[in-house]
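The stops below are meant to be selected one after another.

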Amino acid sequence: MKVIAFVRKEQGTGASRRLRNAGQTPGIVYGGSDAPVNISLDHNALYHALKKETFHSSILDLEIDGAVQKVLLRDFQVHAYKQLVLHADFQRVDAKQAIHVKVPLHFVNAEIAPAVKLSGAIISHVFTELEVTCLPADLPEFIEVDLTNIEVGHSIHLADLKLPKGVAAVSQENVTIATASIPAGKVEADAPAAAEAPAADAPAADKK
């Protein structure tokens with residue numbers, strides 16, 4: 001994805017306020033061997049880009065005054081209640097150096113999993129993104145979590161994921177990614193009615 005920016009010479013609270021009033025968002029690009037550069041971006045373009053999942057986990061082409069560099073979105077701030085992006089931070093990436101990035105998880109095939117299809121279980125997503133390390137060229141837009149074979153009471157763990165070539169999880173623990181369980185209300189509703197009724201074969205009380 002391509003992002004257009006311009007060098008921002010004025011700094012300070014007042015300058016940032018004037019930028020926002022003019023429909024611009026202040027930002028910064030840093031990292032690598034070059035010095036940090038203060039930039040400004042078109043607010044509406046940035047606001048809509050932030051709604052796209054790939055904007056947060058992809059290598060971006062940041063064009064500043066005609067020169068393009070590879071960057072990652074590292075942080076952004078939004079107004080507490082207004083639809084206003086206050087600031088955005090971008091980090092330069094080196095094609096030869098590994099990066100740490102949080103990649104979204106896409107859960108697929110839940111509808112055909114035995115836990116859901118046969119038992120009416122609920123799939124709980126313990127994680128919705130995974131921090132990985134890889135070279136910029138190997139960065140995936142997302143990682144797929146296949147739920148095809150999950151059964152009630154079972155879980156999908158980090159070791160069960162098929163990570164793309166060149167991609168490794170940062171976590172050294174075999175963390176739980178998703179679980180399948182029966183909702184508590186459904187368990188109670190399915191309990192045998194006989195548990196509450198007296199046994200049919202119980203001997204009658206002696207009559208005197």
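Strands here are DSSP runs of at least two residues, numbered from the N terminus. The model is a predicted one.

**Stop 1: Ile123**

Select residues 122-125, which make up strand S8, and pick out Ile123 within that strand. Is Ile123 buried or exposed? Buried means under 20% relative accessible area, and Ile123 is buried because its value is 17%. Now show what surrounds Ile123. Apart from neighbours within four places in sequence, Ile123 is in contact with Ala110, Val116, Leu147, Ile150, Ala178, Thr179 and Ala180. For a distance check, pick the C-alpha atoms of Ile123 and Glu111: they are separated by 9.9 Å, and the two residues are twelve apart along the chain.

**Stop 2: the sheet that holds S8**

With S8 they form an open sheet of three strands in the order S8-S13-S11, and the pairing is antiparallel. S8 and S11 (155-157) are the edge strands, each pairing on one side only. Neighbouring strands of this sheet are turned by 15° against each other on average, direction ignored. Zoom in on S11 and S13 (residues 176-181), which run antiparallel and are joined by three bridges. Ile156 has Ala178 in S13 as its bridge partner. Ala178 is also one of the residues in contact with Ile123.

**Stop 3: the four-stranded sheet**

Hide the previous selection and show S10, S7, S9 and S12. These four strands form an open sheet in the order S10-S7-S9-S12, with mixed pairing. S10 (143-146) and S12 stand at the edges; each has a single partner strand, so one side of each is left without a neighbour in the sheet.

**Stop 4: along S9**

Select residues 129-134, strand S9, and display the side chains.

Next, look at the strands paired with S9. S7 (residues 99-108) pairs with S9 in the antiparallel sense, over six bridges.

**Stop 5: the salt bridges**

How many salt bridges does the structure hold? There are two.

Select Glu63 and Lys2 for one of them: their side chains meet with an N to O distance of 2.7 Å. This pair links distant parts of the chain, since Glu63 lies in strand S4 (residues 60-64) and Lys2 in strand S1 (residues 2-7), 61 residues apart. Colour the two by accessibility: Glu63 counts as buried at 19% relative accessibility, whereas Lys2 is exposed, with a relative accessible area of 55%.

Then select Lys70 and Asp61. They form a salt bridge, and their closest N and O atoms are 2.6 Å apart. Lys70 counts as partly exposed at 45% relative accessibility, and Asp61 also counts as partly exposed, at 22%.

Notes:
Residues numbered from 1 in each chain as written. Predicted model: local features only at pLDDT ≥ 70, side-chain atom pairs only at ≥ 80, totals over all residues. Heavy atoms only, no water. Buried < 20%, exposed > 50% of the residue type's maximum accessible area, 1.4 Å probe, protein only. Contact = heavy atoms within 4.5 Å. Pairing = 2+ DSSP bridges. Axes fitted to C-alpha atoms, helices over the stretch in contact; angles between N-to-C directions. Salt bridge = Lys/Arg side-chain N within 4 Å of Asp/Glu carboxyl O.
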